[in-house]
Amino acid sequence: MLVLGFVFLYAPILSLMVYSFNESRLVTVWSGFSVKWYGELFRDQQMMAAAWVSIQVAFWTACASVILGTMAAMIMTRFRQFPGKTLFGGLITAPLVMPEVITGLSILLLFVSLGPVIGIGEQRGMLTIWIAHVTFCMAFVTVVISSRLQELDRSLEEAAMDLGANRLKVFFVITLPIIAPALISGWLLAFTLSLDDLVIASFVSGPSSTTLPMKVFSSVRLGVSPKINALATLMILAVSVAALIGWWVMTREDKKRQRDMQMALQKG
């Protein structure tokens with residue numbers, strides 16, 4: 001059953017990648033090997049512009065989400081009980097269970113209401129998409145980093161403070177290197193979520209800020225073009241390479257941390 005499940009999931013993706021090299025315009029009829037649709041894709045200026053918008057938004061969304069998510073995770077795991085902590089945790093994790101339609105509509109109404117004050121309500125574009133994406137991506141990053149902080153051995157931080165290090169130095173010298181794999185995972189997760197989002201971006205985008213999922217969705221409604229297969233193949237390869245790099249970095253950091261801990265125990 002597990003094998004059948006994997007076949008059901010990945011067979012269409014492999015079929016899509018194979019037919020991206022099809023010479024025929026019909027996406028389900030094989031007529032010979034060709035890479036002309038990749039050339040057609042790169043000559044499509046609208047598609048390339050949408051891809052560039054999505055990459056920029058996803059990059060800055062991932063960076064902001066990691067910073068804000070780390071701060072929220074530190075508050076949830078390191079701060080003692082304070083009034084409103086339960087409410088704070090609920091507000092942080094609410095976007096995880098909130099339907100994207102509700103999230104997009106509420107953010108749109110916020111921009112419309114505050115438009116005359118902040119000056120971005122009427123001219124929606126990359127900035128409004130970025131703010132909306134950070135709003136829901138931060139929740140996923142916070143969960144990832146919080147789980148890593150809860151597993152962290154607090155004795156390492158306490159030992160550093162006993163030796164005279166302040167809390168800020170302990171965070172940058174001790175805590176941050178240990179949770180680095182979680183930061184990388186959170187960054188990649190936020191980047192993928194932002195790059196993949198269609199619903200929220202449809203609410204908060206403007207005419208001059210069409211994202212790649214919006215462009216692909218509008219193109220598919222008029223008929224599936226082999227250019228979409230080529231685009232999907234490139235995206236799959238890019239995500240696979242990024243995932244492999246992230247896995248390699250996290251594995252190396254984990255092995256280094258275990259080696260350092262063993263050396264510390266041997267010296268002790």
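## Exercises on a predicted model

Helix α2 (residues 36–43) holds both E40 and R43, which sit three residues apart, about one turn of the helix. The model used throughout these exercises is predicted.

**Exercise 1. Find what joins the side chains of E40 and R43, and classify each residue by its accessibility**.

Step 1. The side chains of E40 and R43 form a salt bridge, with 3.1 Å from N to O.

Step 2. The relative accessible area of E40 is 33%. Buried means under 20% and exposed means over 50%, so a value in between counts as partly exposed. E40 is therefore partly exposed.

Step 3. R43 has a relative accessibility of 56%, so R43 counts as exposed.

**Exercise 2. Describe the salt bridge between K227 and D44, and state where each partner lies**.

Step 1. K227 and D44 meet through their side chains at 3.0 Å, N to O.

Step 2. This pair links distant parts of the chain: K227 belongs to helix α12, D44 to the loop between α2 and α3, and 183 residues separate them.

Step 3. D44 has a relative accessible area of 15%, so D44 is buried.

**Exercise 3. Which residues are joined into one network with R78 by salt bridges that share partners****?**

Step 1. Start with the salt bridge between the side chains of E157 and R78, at 3.3 Å from N to O.

Step 2. Shared partners join R78, R154 and E157 into one network of salt bridges. A search of the whole structure gives four salt bridges.

**Exercise 4. Identify the residues that touch the most other members of the largest nonpolar core, and follow the contacts of L149**.

Step 1. The largest nonpolar core has 28 residues, and those touching the most other members are I145, L149 and V204.

Step 2. Two or more residues of this core come from each of α3, α5 (100–118), α6, α8, α9 and α10.

Step 3. Now take I179, which is in the loop between α8 (167–178) and α9. I179 is buried, at 0% relative accessibility. Not counting residues up to four places away in sequence, I179 touches I145, R148 and L149.

**Exercise 5. Describe the lining of the largest pocket**.

Step 1. The largest pocket contains about 790 Å³ of space. Its lining has 27 residues, and L195, L212, M235, I236 and V239 are the closest to the centre.

Step 2. At least two lining residues come from each of α3, α9, α11 and α12 (226–267). The largest share, 10 residues, belongs to α12.

Step 3. By class, the pocket lining has 24 nonpolar, two polar and one charged residues.

**Exercise 6. Describe the lining of the largest cavity**.

Step 1. The structure holds one cavity of 30 Å³ or more, and the largest cavity has a volume of about 30 Å³.

Step 2. The lining residues include S54, I129, H133 and D197.

Step 3. α3 (45–78), α6 (126–151) and α9 (180–196) each give at least two residues to this lining. The largest share is three residues, from α3.

Step 4. The cavity lining divides into five nonpolar, four polar and one charged residues.

Note on methods. Residues are numbered from 1 along each chain as its sequence is written. This is a predicted model: local features need pLDDT of at least 70, side-chain atom pairs count only at pLDDT 80 or more; totals for chains, interfaces and linings use all residues. Side-chain values use heavy atoms; hydrogens and water are left out. On a 1 Å grid over the protein atoms alone, a cavity is a set of points where a 1.4 Å probe fits but cannot get out, and a pocket is an open set with protein on both sides within 12 Å along at least five of seven lines; lining residues have an atom within 4 Å of a point. Grid points are joined across faces, edges and corners, and a volume is the space filled by probe spheres set on the points. Helices (H or I, at least four residues) and strands (E, at least two) are DSSP runs, numbered from the N terminus. Ala, Val, Leu, Ile, Met, Phe, Trp, Tyr, Cys and Pro count as nonpolar, Asp, Glu, Lys and Arg as charged, and the others, Gly among them, as polar. Buried means under 20% relative accessible area, exposed over 50%, partly exposed in between (1.4 Å probe, protein chains only). Contact means heavy atoms within 4.5 Å. A nonpolar core is a set of buried Ala, Val, Leu, Ile, Met, Phe, Trp, Tyr and Cys residues joined through side-chain atoms within 4.5 Å.
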